[in-house]
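Here are my notes on the model, as numbered points. Please read them with the coordinates open.

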Amino acid sequence: MCSLYHISAVFSTDLVKFFLDFIYRLEYILSIKYFEVIFMKSSVSSYSFQKLINAGLDTQFTVIAKAKEYGFDGIEFTDLAVPEGKTEIEYAKEIKAEAERVGIAITGYSVGADLLGGCDGDLDKEIERLKRKVDAAEALGAPIMRHDITFKAPDGYEGYKNLIPRFVRAVRAVTDYAEEKGIRTCTENHGFFSQDSERVVALVNAAERNNFGLQVDMGNFLCVDEDPALAVGRCAPYAFNAHVKDFIFKPGTEDVPGDGFIHTRAGNYIRGTIAGHGVVPIRQCVKALKRVGYDGYLTLEFEGLEDCEYSIKAGLKYINSLI
């Protein structure tokens, strides 16, 4: 026969368990909302407008107001196409002023680099060239500068692991210089040779600089036939910025699909498309970023064949559904 004490003890234990479970669930829900609503914002790469720019309908300057009009919180720039008669620093200052005028944040500056063949293989010259890009990022008001590592695997037996010491020397020199200006630097999974998640994570860890991280492009992992969700999960702790990019995929066992497709490392076919319309598990990738507390921008990078303006607007709508 149960005593009042036993009944009370059982009731109290169950109540405590219920209360703790409630608190845990509430804490989980609030933590997710915390990252979705308060921190993560939308941005767009100026490269997304490249078809309009190439057609002479826009410039890197005019797309600033357009990005604001569409509803983006920020805009990221790729290498500036400097008008004749101006320096990169002068043009960067003009772009910064325009962004301030329309009320949109400049979220980053992405520049090309080649730490193997750039400046005819002279690494010191390539480092100095990148430092001048840091100066431009400062004039632009960009808090982050992303630079490539290299675009082509070298001949012979120089694999990625063998070349990390060379890459690290350059990465440290550039990021130490940038840190003095309050700018963080990063590289991206880009260029095939430096595109695998294990490679870029190994580089970041070898560099041992808190000021150096990754610009994680969700779609680019498909270029080397890597599962984007697994790759983003591996890279997420090092993310300074995140690119939302989508691809249509066709297996290499099929005939060439047509215009716009490129070969992956394994011979499959991919083509850029509207965010949310392809095979990249973008929502899952965003969850992986949230899980580690990523509080940066989700930056749309569109490079498909579809209508440019429609695709950018549709991409923003999709990003907003994620944040």
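1. Terms for exposure come first: a residue is buried under 20% relative accessible area, exposed over 50%, and partly exposed in between, with a 1.4 Å probe and protein chains only. This is a predicted model, in which local features need pLDDT of at least 70 and side-chain atom pairs count only at pLDDT 80 or more, while totals for chains, interfaces and linings use all residues. Residues are numbered from 1 along each chain as its sequence is written, and side-chain values use heavy atoms, with hydrogens and water left out.

2. Overall make-up. The protein chain has 10 helices and 11 strands; these are DSSP runs, numbered from the N terminus, with helices being H or I of at least four residues and strands E of at least two. Of its 323 residues, 49% count as buried. The accessible surface comes to about 15,900 Å², and 55% of that belongs to carbon and sulfur atoms; areas come from the Shrake-Rupley method with a 1.4 Å probe, and for residues only the protein chains shown count as cover. Taking contact as heavy atoms within 4.5 Å, residues 24 or more positions apart account for 78% of the contacts with a separation of 6 or more.

3. Nonpolar core. A nonpolar core here is a set of buried Ala, Val, Leu, Ile, Met, Phe, Trp, Tyr and Cys residues joined through side-chain atoms within 4.5 Å. The largest one has 85 residues, and those with the most contacts inside it are Phe72, Phe77, Tyr109, Phe167, Met218, Leu289 and Leu298. Helix H6 (residues 160-179) gives the largest share of this core, 10 residues.

4. Largest pocket. On a 1 Å grid over the protein atoms alone, a cavity is a set of points where a 1.4 Å probe fits but cannot get out; a pocket is an open set with protein on both sides within 12 Å along at least five of seven lines, and lining residues have an atom within 4 Å of a point. Grid points are joined across faces, edges and corners, and a volume is the space filled by probe spheres set on the points. The largest pocket has a volume of about 450 Å³. It is lined by 29 residues, of which Tyr47, His190, Lys245, Glu301 and Glu303 are the closest to its centre. Strands S2 (74-78), S3 (105-111) and S10 (269-273) are the elements that give two or more residues to this lining, and S10 has the largest share, with 3 residues.

5. Lining by class. The lining of the largest pocket has 8 nonpolar, 12 polar and 9 charged residues. For this count, Ala, Val, Leu, Ile, Met, Phe, Trp, Tyr, Cys and Pro are nonpolar, Asp, Glu, Lys and Arg are charged, and the others, Gly among them, are polar.

6. Which residues does Asp217 touch beyond its neighbours within four places in sequence? They are Glu188, Asn189, His243, Lys245 and Glu301. Asp217 lies in strand S6 (residues 212-217) and is buried, at 0% relative accessibility. Asp148 sits in the loop between strand S4 (144-147) and H6 and is buried too, at 2%.

7. Lys152. This residue also lies in the loop between S4 and H6, but Lys152 is exposed, with a relative accessible area of 57%. Beyond four places in sequence, Lys152 is in contact with Leu116, Gly191 and Phe193. Lys152 and Phe192 are 7.1 Å apart, C-alpha to C-alpha, and 40 residues apart in sequence.

8. Backbone points to check. Asp120 has a positive phi of about 55° although it is not a glycine. Asp120 is in the loop between S3 and helix H5 (123-140) and is exposed, at 83% relative accessible area. Asp225, also not a glycine, has a positive phi of about 60°; Asp225 is in the loop between S6 and helix H8 (228-235) and is partly exposed, at 30%.

9. Helices H9 and H10. The buried residues of H9 (residues 282-291) are Ile282, Cys285, Val286, Ala288, Leu289 and Lys290. In H10 (residues 308-322), Gly315 is buried, with a relative accessible area of 0%. Gly315 touches Ile274, Ala275 and Leu300, not counting residues up to four places away in sequence.
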